[in-house]
Amino acid sequence: MILNDLIQTKEKEQAGRKKIVLRCCMAAGCMSTDSKGVKEQLEKAVADAGLQNEVEVRGVGCMKLCCEGPLVADDSKNALYVKVNAENAPSIIAALKGGQATAPQTDPNAPFFAKQFAIVLANSGVVDPERIESYIAADGYQALHEALHEMTPKEVVDTMVKCGLRGRGGAGFPTGLKWGTVAKSPGAKKYVICNADEGDPGAFMDRSVLESDPHSVLEGMAIAAYAVGADQGYIYVRAEYPLAIARLQIAIKQAKQLGLLGSGIFESPFNFNVDLRIGAGAFVCGEETALMSSVEGKRGVPRPRPPFPAESGLFGCPTLLNNVETFANVPTIYRKGADWFAAIGTEKSKGTKVFALAGKIKNTGLLEVPMGTPLRQIVEEMGGGAPDGGTIKAVQTGGPSGGCIPSQHLDTPVDYESLGKLGSIMGSGGMIVMDETTNMVEIARFFMEFCMDESCGKCVPCRAGTVQMHHLLDQIANRQATHRDLAKLEELCDLVRNTSLCGLGQTAPNPTLSTLRFFRNEYEALLQSDPYGPNGAARKPITTA
Amino acid sequence: MNACVAKPQKKRIQAVLEHASGDKRFKILEVHMKKHQFRQDALIEVLHKAQELFGYLEDDLLLFVSIKLKLPPSRVYGVATFYHFFQLKPQGEHACVVCMGTACYVKGADKIIDAITLKHKVRPGETTPDNKLSLLTARCIGACGIAPAVVYDGTVTPRATPQSALEQINQWMTK
């Protein structure tokens, strides 16, 4: 394929468009409420009304407002139908000809949609994820062509440095710096890995991106591979996401057929192959060295760094490892320029971030906002606040590695530094809202149980520490603990945080520490008086017989 | 010492290969391994396929994989036990997977589990004695927008309640 073919494909796809497009959400959330049946009914109704030449029913990716699914959008009337079912689907077609739709509608200009700024999700809910032509029509693969034919690998890396993108996996490491390090590492064979092991419970951004726009991730990986000089890529995706796996397989096959992956991409000397690796349910595999060990077919156990993966990673070769959302940002950055991207967001955190809003909140779903947006805007204005007149108590970010941000800090801008100051982390973007009925000690215990189960067992602080901390939290929650136990818990938190081998152990105490920081009274209310006095002075020394 | 360890193992390997020769599914698995050129780093892919074919990973099956991929049995067993997705015991006829991600948890997924445990005397990870129902939990199936989510035999169901879960399981049990 050359540029002409790409433009021809784009024009052909655009010319073939019908006058009216009905977009029907086919992401996992809506699929579970039978959006497939809705789509079939819509197609049948179109055929019955003889509108095949005018109306296209397009299966698209996530349309963001997951709680109201299945969603159907009619762009000709600027209407968004919610909770569509097989019965009221035909009325949507009737409404095209002046009838009355019986499906409920929601305002597509509501703050939830209007305040979003889409880069990663720009194609989500618009293009058909199972047809590469649909992605090409949305300017897809143009950035790859430009990178391959008009830029040297060094220029590609420089653009990435200039745009200021930081890793969206959670830690926020500058992407350009990572690319530059891998590009400079000597080695004949290099790898690019996409981390799609979205293990944080409560996060589903990566799943949505892979289900809605898999080609943007593939294009981003190809550009990255060209920049660092790799010819083999792996996408490590969770087995819990069967739809994302299926769509990726289709996308890889289609891209290979058109010569956009494989050897001699765009008739340049650049080769790049992508293979899928299916995870098998281990949270620790989100850690980069554990993930690589899992790709090699071993137990997913982390190893000490250095050497960093950029120098010695997969099979001992220099390896570039980025998150799904990071790669999904890449094509747009090269299409619109580094300056355009750098103008969005805050000084230290550029661009946008996708969040998965869930929990005790009215509008659950996906949203993408510029970095630095206040938490209050996301939760109260866009999310619609707590349902049934409840009040928001805290917002949990960063999953089992993050913390709870109490309601008095809701005006915090969302960026890497501000969240870090509150003892939480940006994480991959899961945002769980909790209302006043949520017991914070139980939440801390829930996350500790998670970390205890998921600890790989390689290093002692994490393996033994999480068990002890869980035990202490369990005792506190069951009103069997004293002040001394709480002090012991805090001491253990500090120890595990500072001595664990990998990120899992180092961040495992975070939910406990942050709930202790903001909701200490809830812990103290559960404590019992110490029979041996506050300092334990009255306790008899242990004597050996 | 070596001789007395090696002998029974040799017999075991022969027994496994004999057992495998009579079952078509082993053939399919071998074809799958061939597709990966018997590469040792494809172990997890191979185990996925094996579980898909057999439903769970029994010892003979793991030994078969280790022979074919030329890996020590300890390595295959180590990987199979490390990942939650691999089941080493036979599963019930129906599987009820309750998502225990944070969003589902704050919306009461634990109450669904409690209700099922109480009614059917089966804890998460266990199968009922009549082999009809396996109760499992998932870390997060990414369906947080429709929490709490329960997966009945592969079908994701949104906004589950203890009542709805018990009803669905009742349908299975009375069949």
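Apart from neighbours within four places in sequence, Cys99(B) is in contact with Cys104(B), Ala109(B), Ala138(B), Cys140(B), Ile141(B), Ala143(B), Pro148(B), Ala149(B) and Val150(B). Two residues are in contact if their C-beta atoms, placed from the backbone, lie within 7 Å. The model is predicted: local features need pLDDT of at least 70 and side-chain atom pairs count only at pLDDT 80 or more, while totals for chains, interfaces and linings use all residues. Residues are numbered from 1 along each chain as its sequence is written, and chains are lettered from A and ligands numbered from 1 in the order in which they are written.

Cys99(B) is also among the residues with the most contacts inside the largest nonpolar core, together with Ile223(A), Ala224(A) and Ala149(B). This core has 220 residues, and its largest share, 10 residues, comes from helix 11 (residues 214-228) of chain A. A nonpolar core is a set of buried Ala, Val, Leu, Ile, Met, Phe, Trp, Tyr and Cys residues joined through C-beta atoms within 7 Å. A residue is buried if 20 or more other C-beta atoms lie within 10 Å of its own, exposed if 12 or fewer, and partly exposed in between; the C-beta atoms are placed from the backbone. In soluble globular proteins, nonpolar side chains tend to be buried together.

## Chain B as a whole

Chain B has eight helices and four strands, in the order α-α-α-α-α-β-α-α-β-β-β-α along the sequence. Helices (H or I, at least four residues) and strands (E, at least two) are DSSP runs, numbered from the N terminus. Of the 175 residues of chain B, 36% count as buried. Its C-alpha atoms fill a box of roughly 60 × 35 × 30 Å along the principal axes.

Chain B is divided into domain 1 (2-82) and domain 2 (94-174), with bounds that come from an automatic or database domain assignment. The C-alpha centres of these two domains of chain B lie 32 Å apart.

## Ala27 and a helix pair in chain A

Ala27(A) is found in the loop between strand 1 (20-25) and helix 2 of chain A. Why does Ala27(A) count as buried? The reason is that Ala27(A) has 34 C-beta neighbours inside 10 Å. Leaving aside neighbours within four places in sequence, its contacts are Gly61(A), Cys62(A), Ser208(A), Glu211(A) and Ser212(A).

The axes of helix 10 (residues 205-212) and helix 12 (residues 242-257) of chain A come within 8 Å and cross at roughly 35 degrees. Such axes are lines fitted to C-alpha atoms, for helices over the stretch in contact, and angles run from 0 to 180 degrees between N-to-C directions. Arg207(A), Leu210(A) and Glu211(A) of helix 10 meet Leu243(A), Ala244(A), Arg247(A) and Leu248(A) of helix 12 in this contact. By class, the contact has four nonpolar, no polar and three charged residues. Ala, Val, Leu, Ile, Met, Phe, Trp, Tyr, Cys and Pro count as nonpolar, Asp, Glu, Lys and Arg as charged, and the others, Gly among them, as polar.

## Domains of chain A

Chain A is divided into domain 1 (18-107), domain 2 (140-342), domain 3 (355-435) and domain 4 (440-524). The C-alpha centres of domain 2 and domain 4 of chain A lie 34 Å apart.
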